[in-house]
Amino acid sequence: MNYYEVKYIQKGKRGAEIIKALTRRDAISMMKAKIPQGTVLKAMEISAPLDLRFEDMKESIFGAMSKKKIKVEALIAAFRQLSVMTNAGISIHDSIREVTKSTVDKDLKALFEKVDDDLNSGKSLTEAMLPYKYEVGDVTIAMIELGENTGNMSESLTKLSEVLEEMMENSKKLKSAMRYPITVIIAIAVAFSILMVYVVPKFKEIFEKLGADLPMPTKILLFLSHSLNEYGLYILMTIIAIVIYHKYLYKTNDDYKGKVDKHILKVYLIGDVIFFASMSRFMLIFTELVRAGIPIAEALDTAVLTIDNEELKDKLASVKASVERGSNLTEAFSDTGLFEGMLIQMIKAGESGGALDKMLEKVSEYYSNRFNNIIDNLSAYIEPILIGVIAGMVLMLALGIFLPMWDMASAVKN
């Protein structure tokens with residue numbers, strides 16, 4: 001998030017206000033929502049004031065306790081209901097009011113009540129939903145804005161429900177696929193900790209009585225056991241502190257976030273999951289915007305907002321710059337290095353043949369299929385790593401404990 005000083009005129013008086021927003025356009029939209037009768041003059045990006053930096057730090061550490069996203073299931077049900085009602089000719093204002101009454105999710109009910117108040121004050125649905133971007137997600141804001149721009153809110157809300165449903169299914173698949181490896185890793189960690197805390201110290205006493213020169217695996221084992229027994233609590237507290245500090249830096253430091261996002265794409269499996277999930281979501285939104293007749297540059301600008309990874313976001317944002325300089329979409333996508341040659345050829349064929357939206361849909365399906373393939377086979381990909389970890393742990397324990405005992409047996413025989 002960035003800080004913008006937004007200057008405005010309201011009731012003949014000039015004023016300025018510092019607004020925290022993702023982009024300059026968001027800052028202007030938020031300011032317009034605050035002063036519906038006023039005029040926004042300009043918005044300039046500024047460095048964060050000291051008091052706001054402190055607030056950011058508190059929010060990044062404790063924000064999760066007070067701010068949470070709306071359940072996807074509740075959003076899907078609400079948007080499907082809104083779609084049906086708007087398709088029947090009911091105004092979006094009345095539709096929102098009816099959904100507010102019928103929804104059972106307390107958080108969503110409170111959100112829609114605020115949106116209803118904003119609609120009463122003359123704001124558009126996009127402007128009313130924009131302050132709750134964190135709760136409902138970037139995809140929701142993008143699709144609602146599409147509905148207002150095209151005048152077909154019902155179709156946009158239907159597509160939004162489908163997109164959210166697909167994202168929810170992908171999330172469930174990922175959680176289901178990760179359940180087995182996480183269970184194995186936790187079991188390994190618990191077993192290893194028990195051995196280090198209760199079993200290895202017993203052998204340490206035996207080895208000390210013998211006074212023999214211990215092999216390196218045994219020394220490593222005894223060092224780990226000593227560290228866990230003496231400093232285990234401090235080690236745990238240090239790990240928790242590092243995780244909290246990492247989250248704080250990731251949310252507040254753009255350079256740190258950029259470096260993390262760049263390197264995480266190179267991590268085995270995790271990088272592929274993030275890449276294909278992000279590209280699938282980007283292409284899906286971009287395709288719908290293009291199909292609705294939104295200009296390419298504006299469609300790219302909106303679709304990029306749905307990407308969380310800074311490395312991918314920067315590369316995809318460069319596509320808009322290339323298009324505005326006069327490059328065609330095929331060249332702009334090719335320059336990013338994110339698209340395979342086959343996909344570039346498909347986009348080129350669609351662009352030259354007047355069927356760009358159909359080819360973009362095929363590209364979106366390709367990324368979605370690749371993501372689903374990884375998720376479906378995730379356990380098979382991770383199993384060799386888990387087997388290697390278990391084998392390494394068993395080998396270290398065996399060598400650390402049995403090597404000195406073999407040396408003792410040899411000494412006794414001699």
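Colleague: At what angle do helix H8 and H12 pack, and how far apart are their axes?

Modeller: Please keep in mind that this is a predicted model. Helix H8, residues 138-150, packs against H12 at an angle of about 10°, and the two axes are 11 Å apart.

Colleague: Are H8 and H12 roughly parallel or roughly antiparallel?

Modeller: Angles under 35 degrees count as roughly parallel, and H8 and H12 are therefore roughly parallel to each other.

Colleague: Which residues meet there, H8 with H12?

Modeller: H8 contributes Val139, Ala142, Met143 and Leu146. In H12, their partners are Arg281, Ile285, Glu288 and Leu289. The residues of this contact divide into six nonpolar, no polar and two charged.

Colleague: Staying in helix H8, is isoleucine 141 buried or exposed?

Modeller: Isoleucine 141, which lies in helix H8, has a relative accessible area of 6%. Buried means under 20%, so isoleucine 141 is buried.

Colleague: What is isoleucine 141 in contact with, leaving aside its neighbours within four places in sequence?

Modeller: With that exclusion, isoleucine 141 is in contact with Thr126, Met129, Leu130, Lys133 and Val136.

Colleague: Back to H12. At what angle do helix H12 and helix H17 pack?

Modeller: The angle between H12 (residues 270-291) and H17 (residues 356-376) is about 155°, with their axes 8 Å apart. Angles over 145 degrees count as roughly antiparallel, and H12 and H17 are therefore roughly antiparallel to each other. The crossing of H12 past H17 is left-handed. The residues of this contact divide into 16 nonpolar, four polar and five charged.

Colleague: New topic: the largest nonpolar core. Which residues touch the most other members?

Modeller: That core has 87 residues, and Met129, Phe286, Phe333, Phe339 and Tyr367 touch the most other members. Helix H9 (residues 153-210) supplies the largest share of the core, 13 residues.

Colleague: What does phenylalanine 339 touch, not counting residues up to four places away in sequence?

Modeller: Phenylalanine 339 touches Met279, Met283, Leu316, Phe333, Ile344, Ile347, Val363 and Tyr367.

Colleague: Let us take tyrosine 4, then. Where is it placed, and is it buried or exposed?

Modeller: Tyrosine 4 is placed in strand S1, residues 2-10. With a relative accessible area of 5%, tyrosine 4 is buried. Beyond its neighbours within four places in sequence, its contacts include Ile18, Leu22, Ala27, Met44 and Ile46.

Colleague: How far is tyrosine 4 from proline 181 in space, C-alpha to C-alpha?

Modeller: They are 44 Å apart in space, and 177 residues apart in sequence.

Colleague: And how far is isoleucine 401 from leucine 221?

Modeller: Isoleucine 401 and leucine 221 are 180 residues apart in sequence and 8.4 Å apart in space, C-alpha to C-alpha. Isoleucine 401 lies in helix H18, residues 378-413, and counts as buried at 11% relative accessibility. Not counting residues up to four places away in sequence, isoleucine 401 touches Phe203, Phe207 and Leu221.

Colleague: One more pair: how do H13 and helix H14 pack?

Modeller: H13 and H14 (residues 310-324) pack at an angle of about 170°, with their axes 9 Å apart. That makes H13 roughly antiparallel to H14. The contact divides into eight nonpolar, no polar and four charged residues.

Colleague: Which residues is threonine 302 in contact with, leaving aside its neighbours within four places in sequence?

Modeller: Threonine 302, placed in helix H13 (residues 296-304), is in contact with Arg25, Ala142, Glu145 and Leu289. Threonine 302 is buried, with a relative accessible area of 7%.

Key
Residues numbered from 1 in each chain as written. Predicted model: local features only at pLDDT ≥ 70, side-chain atom pairs only at ≥ 80, totals over all residues. Heavy atoms only, no water. Axes fitted to C-alpha atoms, helices over the stretch in contact; angles between N-to-C directions. Helix = DSSP H or I, 4+ residues; strand = E, 2+ residues; numbered from the N terminus. Parallel < 35°, antiparallel > 145°, perpendicular 65-115°, else oblique. Left-handed = near helix turned anticlockwise from the far one by under 90°. Nonpolar A, V, L, I, M, F, W, Y, C, P; charged D, E, K, R; others polar. Core = buried A, V, L, I, M, F, W, Y, C linked by side-chain atoms within 4.5 Å. Buried < 20%, exposed > 50% of the residue type's maximum accessible area, 1.4 Å probe, protein only. Contact = heavy atoms within 4.5 Å.
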